[in-house]
Amino acid sequence: MTASRDASPLPTGHHLTRRTVLTATGSAGLAAALIGCGSGDDDKSSSEPAGEEREKGEKNGGGAAAAVLARTADIPVGGGKIFKDEGVVVTQPTKGRFKAFSNRCTHKQCPVTSVEGGTINCPCHGSKFDIADGSVKQSPATSPLPPAEISVEGDSIKLA
């Protein structure tokens with residue numbers, strides 16, 4: 001059975017097209033999605049962050065402090081750990097001494113992928129950087145890894 005436009009329940013002069021129906025349906029769906037993605041400020045119990053995110057504090061008169069990046073125990077002595085999302089590599093050249101550097105090789109900006117044998121290693125062209133100061137240990141890179149600011153408070157390492 002096919003529907004005829006003449007059988008429309010709308011008053012004379014108003015025609016309901018397929019495009020109008022699809023647009024209205026899509027708009028209603030979008031509105032529902034946006035309402036569902038609201039901030040939830042009025043429901044504090046469901047918006048409370050969990051885990052390490054709770055460890056964010058206040059500093060500088062109300063600005064949010066840096067989140068905990070890692071625990072000191074997570075960074076091996078003589079090695080390090082790469083934090084891809086944060087763009088840093090954190091090392092512990094000697095027990096209790098922590099350093100941080102950009103995770104991008106200074107040769108062609110490839111991300112470094114390992115920390116082994118006292119060096120931070122780039123897989124793209126073989127550059128290696130010292131875990132203590134970011135200096136070049138093996139070319140083709142000619143510039144050291146830029147340092148990143150971190151703070152160590154107790155057993156927490158945070159980006160500064």
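## Cysteines and neighbouring loop residues

The sulfur of Cys 122 lies 3.9 Å from the closest cysteine sulfur, which belongs to Cys 105, and this is too far for a bond, a disulfide being defined here as a pair of cysteine sulfur atoms within 2.5 Å. The model is predicted, so that local features need pLDDT of at least 70 and side-chain atom pairs count only at pLDDT 80 or more, while totals for chains, interfaces and linings use all residues. Residues are numbered from 1 along each chain as its sequence is written, and side-chain values use heavy atoms, with hydrogens and water left out.

A search of the whole structure finds one disulfide. Cys 110 and Cys 124 form this bond, with their sulfur atoms 2.2 Å apart. The torsion about the S-S bond of Cys 110 and Cys 124 is about -105°, and the disulfide is therefore left-handed. Because Cys 110 lies in the loop between β6 and β7 and Cys 124 in the loop between β8 (119-121) and β9 (128-130), the pair ties together parts that are 14 residues apart in sequence; strands here are DSSP runs of E with at least two residues, numbered from the N terminus. Cys 105, by contrast, is in no disulfide.

| Residue | Relative accessibility | Class |
|---|---|---|
| Cys 105 | 1% | buried |
| Cys 110 | 14% | buried |
| Cys 122 | 5% | buried |
| Cys 124 | 36% | partly exposed |

Gln 109 is placed in the loop between β6 (97-102) and β7 (114-116). Although Gln 109 is not a glycine, it has a positive phi of about 65°, and its relative accessible area of 45% makes Gln 109 partly exposed.

Ser 102 is found in strand β6 and is buried, with a relative accessible area of 18%. The side chain of Ser 102 reaches the backbone nitrogen of Arg 104 at 3.1 Å. When residues up to four places away in sequence are not counted, Ser 102 touches Gly 87, Val 88, Val 89, Leu 145 and Pro 146, contact meaning heavy atoms within 4.5 Å.

Note on methods: Helices (H or I, at least four residues) and strands (E, at least two) are DSSP runs, numbered from the N terminus. Buried means under 20% relative accessible area, exposed over 50%, partly exposed in between (1.4 Å probe, protein chains only). A polar contact is a pair of N or O atoms within 3.5 Å; within protein, one must be able to donate a hydrogen and the other to accept it, and residues adjacent in sequence count only if both atoms are side-chain atoms.
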